Amino acid sequence: MVTISDKELLALGLGGLGQVHVNLSRAALIEEALNRGEGRLSAGGALVCETGHHTGRSPNDKFIVEEPSSKERIWWGKVNRPVSEATFDRLLGRVQAYMQGREVFVQDLFAGADPQFRLPIRVVTQHAWHAAFANNMFVRPVGNERQGLAAEATVLHVPDFEAVPEIDGTNSGTFIMVHFGRRLVLIGGTQYAGEIKKSIFTLMNYLLPQRGVMSMHASANIGTQGDVAVFFGLSGTGKTTLSADPDRKLIGDDEHGWADGGVFNVEGGCYAKVIKLSRTAEPEIYATTAMHGTILENVVMDPQTRALDLDSDARTENTRAAYQLDAIPNYEATGKGGHPRTILMLTCDAFGVMPPLARLTPEQAMYHFLAGYTAKVAGTERGVKEPSATFSTCFGAPFMSLHPTVYAKLLGEKIARHGTTCYLVNTGWSGGAYGVGSRMKIAHTRALVRAALSGELDKTEFEQEAAFGFQVPKAVEGVPAEVLLPRNTWTDKAAYDATAAKLSGMFRDAIAQFEGMVDAHILDAGPKAIAATH
């Protein structure tokens, strides 16, 4: 077994630990998790774990340490809230004391499939199943890559330890604190495994742009001709589903870098939402839920038969499956590809006014990247039908350490240099807003995406729709023509116009924060003030 030296542990302030399990295989970690009662096996062999009170990320409990080496670079505000070094050190000391005598699991891994930009990371956690999650999610060293490997960033993960706000300066018992200077992350008070993954992504979003690499909250795949496609999108918009295409190799489903040599995956696994997963529409992802090695979070399972109920949201709608990339039959083993020929920006528009596909000018692409629009539907238990707009800049504001214009500038430069074609894809509603219209058929969305990736749309005639100034195709094989222009799908045209006017106003309000920071022609590429009079 590979061991970690006492010196390395002491450097983290972790003296007097109990048993230390270093770089156990995924199978051994799952066995440990079962022995410790951390999870149960499903009928198909997946490890099913529950995360308790926290079934998603805790953005209000995330802090960035305000320290000299990074202070001037950070995009301070609602997303990146400061905490002092003294507060961080005090909490770290309490965590170190808590860990004395306790059993821990250590995983030494990489963030980044490209050796030129990869970051050696170390995850130290209380739980075997969280170590197995890390083993699934990050790039695993092969051969002798671990020999002499020194971690350059560490996640100290203590989910069973809760902070005391009056002592620790936190908002609650939960905390995610990132110290960029020390490249050290503290996570506690939450069992939700996604905090491990996203804390490293936050770190990479800080480091990569400083080396000229565009870090992206996006999935990516590659065609038989080496043509790379990138799918930007917030949670629930279809990044994982649409990038898992049987006719294309999957590079990754969530986090990527775009360097001078092309695109590379930041991770070595996928973390897919599985609520109401369809065996027919999403066969590759569906199959992973019945595989040994997959970790399922908060998925309901029959206690006797161990059969999964993927349709149940009894614990949360954010049910998840974490699996290694090789669980997808046609994955790209290198985790790398060339420069994107196509970028698709995904939105789930619950207002039902965005077209299912629109070709974007470079200025429109920059505008919608900065806007990062999607929509969520309100809870229906009280009969509320009104959707709410979400504008998460760069399609991933919670993980962006630097100012959004840093990422936007990199994206604009790379689109221009490599002649990348950009599209907006609406995976949301058609024929009316949520409660009136219906969700876009995934078969139609796949047909549109495949037409974009195959080059078919290069030969298609486009027309401009009035509300947002988009160019939309007049005809695409496999998609009814009336679906392509959203206004045509609404019975009540006046209601469409009013809703489109309302959403265009929301866009203008959201993008106003960038006035004076980006070129005026980018700001002018958004929807104009329109009157609902058609």
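What follows is a short chat about helix packing in this predicted model.

Trainee: OK, so at what angle do helix 4 and helix 6 pack, and how far apart are their axes?
Mentor: Helix 4 covers residues 128–137 and helix 6 covers residues 194–207. They pack at an angle of about 45°, with their axes 9 Å apart. Helix 4 and helix 6 are therefore oblique to each other.

Trainee: Which residues make that contact?
Mentor: From helix 4, His-130, Phe-133 and Met-137. From helix 6, Gly-194, Ile-196 and Lys-197. By class, the contact of helix 4 with helix 6 has three nonpolar residues, two polar and one charged.

Trainee: Left-handed or right-handed, the crossing of helix 4 and helix 6?
Mentor: Helix 4 crosses helix 6 in a right-handed way.

Trainee: Switching topic. How does helix 2 pack with helix 4?
Mentor: Helix 2, residues 26–35, packs with helix 4 at about 155°, and the axes are 8 Å apart. Angles over 145 degrees count as roughly antiparallel, so helix 2 is roughly antiparallel to helix 4.

Trainee: And the handedness of the crossing of helix 2 and helix 4?
Mentor: That crossing is left-handed.

Trainee: Which residues meet there?
Mentor: Helix 2 brings Arg-26, Leu-29, Ile-30, Glu-32 and Ala-33. In helix 4 they meet Ala-128, Trp-129, Ala-131, Ala-132, Asn-135 and Asn-136.

Trainee: How many of the residues in the contact of helix 2 with helix 4 are nonpolar?
Mentor: Seven are nonpolar, with two polar and two charged residues besides.

Definitions and conventions:
Residues are numbered from 1 along each chain as its sequence is written. This is a predicted model: local features need pLDDT of at least 70, side-chain atom pairs count only at pLDDT 80 or more; totals for chains, interfaces and linings use all residues. Side-chain values use heavy atoms; hydrogens and water are left out. Axes are lines fitted to C-alpha atoms, for helices over the stretch in contact, and angles run from 0 to 180 degrees between N-to-C directions. Helices (H or I, at least four residues) and strands (E, at least two) are DSSP runs, numbered from the N terminus. Angles under 35 degrees count as roughly parallel, over 145 as roughly antiparallel, 65 to 115 as roughly perpendicular and the rest as oblique. A crossing is left-handed if the near helix is turned anticlockwise from the far one by less than a right angle, and right-handed if clockwise. Contact means heavy atoms within 4.5 Å. Ala, Val, Leu, Ile, Met, Phe, Trp, Tyr, Cys and Pro count as nonpolar, Asp, Glu, Lys and Arg as charged, and the others, Gly among them, as polar.
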